Amino acid sequence: MSTTAPDPLATLGALPGVADAVDSVRKAVDRVYGHRVMRRRSSEVTAEAALRGARGSAALSGADWNLEEVRRRTDFSGDDESQVIGAALRLTAEAGQLLSIWRQSPLRVLARLHLVAAGGAAPDDAVGRPRLAGEPVDEPLIEAPLPGADEVAGRLEGLSGLILAGSAAPALVTAAVVHGELLALRPFGSCNGLVARTAERIVLIGSGLDPKSICPAEVGHAEQGRAAYVAAFEGYLSGTPDGMAAWIAHCGRAVELGVRESTAVCEALQRGAA
């Protein structure tokens with residue numbers, strides 16, 4: 001009699017429609033990695049994907065700036081929107097540095113991401129730790145009921161356990177669950193959406209699906225729009241098979257749109273236009 005514990009992430013990977021989403025994402029990623037520009041100029045594509053991903057994540061958090069304005073600006077210490085853009089850029093730069101730590105201590109990485117995102121904008125004692133009972137949360141896009149501090153702590157431990165245990169589930173499924181769970185918990189007093197989308201990026205890179213970080217899902221999330229993002233997230237919150245599958249498919253479409261963005265960058269580099 002087998003005593004192997006069930007793999008909940010693999011179970012999600014078996015939901016109707018999820019396999020098709022996973023296959024579509026894999027084919028799209030393989031195509032952009034096979035682009036001839038990637039042989040010699042992959043670092044330029046990675047840098048541009050990081051910039052565009054940060055812009056997309058910031059847009060979902062209420063700072064929808066033109067890409068060229070993000071590229072041009074050097075000071076992000078001004079108004080609230082500037083600070084959101086600055087936080088998104090810092091997180092994107094940090095993501096690739098945390099891969100080895102993520103595999104050993106996901107909660108430590110989440111704390112670091114919040115520290116980087118907050119950048120002095122939150123009270124020092126609230127930065128880099130899950131919120132305590134009664135502490136407010138500033139996350140205007142997500143209006144779902146806020147779990148209590150004890151529930152947050154327990155579910156974060158559960159999420160960490162899933163990641164540390166490993167899974168046979170496709171990278172897309174794991175990334176979507178990490179993203180969705182962090183949005184559901186909103187464990188920090190601020191910057192939860194930015195942190196959740198960065199954690200999704202870390203999973204996609206660290207899994208080997210997108211090792212050079214050229215497929216910015218944040219671009220796709222933003223392109224699908226805030227309303228679609230919230231609607232898909234409500235499917236995650238429902239916990240139903242259909243709702244979970246819809247959220248995973250939404251995240252898959254976001255990766256594909258990120259691939260399309262980086263393919264356009266490759267084409268522009270090939271033409272000598274970027």
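**View 1. Arg112 and its salt bridge to Glu94.** Arg112 is partly exposed, with a relative accessible area of 35%. In this predicted model, the side chains of Arg112 and Glu94 meet in a salt bridge (2.8 Å, N to O). Arg112 belongs to helix H7 and Glu94 to helix H5, so the pair ties together parts that are 18 residues apart in sequence. Glu94 counts as buried, at 17% relative accessibility.

**View 2. Salt bridges of Arg71.** One partner of Arg71 is Glu48, with the side chains 2.8 Å apart, N to O. Glu48 is buried at 14% relative accessibility, while Arg71 is partly exposed at 36%. Arg71 also forms a salt bridge with Glu68 (3.1 Å, N to O). Both Glu68 and Arg71 lie in helix H4, three residues apart, about one turn of the helix. A network of salt bridges links Glu48, Arg52, Glu68, Arg71 and Glu261.

**View 3. The aromatic pair Trp65 and Phe76.** The model has five aromatic pairs. In the pair of Trp65 and Phe76, the ring centres are 6.4 Å apart and the planes stand at 35 degrees, so the pair is tilted. Trp65 lies in the loop between helix H3 (42-60) and helix H4 (67-72), and Phe76 in the loop between H4 and helix H5 (80-95). Trp65 is buried, with a relative accessible area of 10%, and Phe76 is buried at 16%.

**View 4. A negative surface patch.** Asp79, Asp80, Glu81 and Asp138 form this patch. Asp138 is in the loop between helix H7 (106-118) and helix H8 (149-165), and counts as exposed at 52% relative accessibility.

Conventions. Residues numbered from 1 in each chain as written. Predicted model: local features only at pLDDT ≥ 70, side-chain atom pairs only at ≥ 80, totals over all residues. Heavy atoms only, no water. Patch = residues over 30% accessible without salt bridge, like charges linked within 9 Å, V, L, I, M, F, W, Y side chains within 5 Å. Areas by Shrake-Rupley, 256 points an atom, 1.4 Å probe, with all protein chains shown as cover. Salt bridge = Lys/Arg side-chain N within 4 Å of Asp/Glu carboxyl O. Lys, Arg positive; Asp, Glu negative; His and termini not counted. Charge placed at Lys NZ, Arg CZ, Asp CG, Glu CD. Helix = DSSP H or I, 4+ residues; strand = E, 2+ residues; numbered from the N terminus. Buried < 20%, exposed > 50% of the residue type's maximum accessible area, 1.4 Å probe, protein only. Phe/Tyr/Trp six-rings, centres within 6.5 Å; stacked < 30°, edge-to-face > 60°.
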